[in-house]
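Please read the following briefing alongside the sequence and the structure.

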Amino acid sequence: MVATMLVSWSLDRYGARHSYLLAFALFGLGTLVSALSPTMLVFVGGQAFQGAGEGLLIGLGFAVIRSTLPAEGEADSAARRVILGPAALSAVGIAAAARSGAAAK
């Protein structure tokens with residue numbers, strides 16, 4: 001939550017590319033520290049770094065999409081992706097499952 005509030009500052013100061021690199025580095029560092037942690041305290045610290053990186057990544061994604069899409073079509077475009085994306089993937093999954101079931105007979 002705290003890292004998400006730093007998105008605007010990071011974008012203004014470093015730009016989108018460097019902000020994404022910073023977020024991925026924090027996330028990767030947190031993952032590495034957690035994976036190699038000798039104690040629970042170090043593990044929790046690694047998870048904190050991971051959470052900070054993830055918070056930045058989520059906020060950066062929304063900020064970059066918001067600045068890239070045109071304002072008038074933004075709601076329509078986002079609604080189509082939110083509604084049609086999962087529906088299309090579900091249809092593909094159902095079709096694949098039905099086809100594999102038919103092939104097994």
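**A glutamine and its surroundings**

Gln-50 counts as buried, because its relative accessibility is 16% and the cut-off for a buried residue is under 20%. This is a predicted model, and the values below should be read as computed from it. Gln-50 belongs to helix H3, which spans residues 40-68.

**Contacts of Gln-50**

- A polar contact of 2.9 Å joins the side chain of Gln-50 to the side chain of Thr-31.

**Helix H2: Tyr-14 and Leu-32**

- Tyr-14 is found in helix H2, which covers residues 7-35, and Leu-32 lies in helix H2 as well.
- Tyr-14 has a relative accessible area of 40% and is therefore partly exposed, given that this class lies between the limits of 20% and 50%.
- Leu-32, with a relative accessible area of 49%, is likewise partly exposed, because the exposed class begins only over 50%.
- Leu-32 and Phe-43 are separated by 11 residues in sequence, while their C-alpha atoms are 9.7 Å apart in space.

**Nonpolar surface patch**

- Leu-6, Trp-9 and Tyr-14 make a nonpolar surface patch of about 320 Å², and Tyr-14 is the partly exposed residue of helix H2 described above, at 40% relative accessible area.

How values were computed: Residues are numbered from 1 along each chain as its sequence is written. This is a predicted model: local features need pLDDT of at least 70, side-chain atom pairs count only at pLDDT 80 or more; totals for chains, interfaces and linings use all residues. Side-chain values use heavy atoms; hydrogens and water are left out. Helices (H or I, at least four residues) and strands (E, at least two) are DSSP runs, numbered from the N terminus. Buried means under 20% relative accessible area, exposed over 50%, partly exposed in between (1.4 Å probe, protein chains only). A polar contact is a pair of N or O atoms within 3.5 Å; within protein, one must be able to donate a hydrogen and the other to accept it, and residues adjacent in sequence count only if both atoms are side-chain atoms. Patches are made of residues with over 30% relative accessible area and no salt bridge: like charges are joined within 9 Å, nonpolar side chains (Val, Leu, Ile, Met, Phe, Trp, Tyr) within 5 Å. Accessible areas come from the Shrake-Rupley method with a 1.4 Å probe; for residues, only the protein chains shown count as cover. A salt bridge is a side-chain nitrogen of Lys or Arg within 4 Å of a carboxyl oxygen of Asp or Glu.
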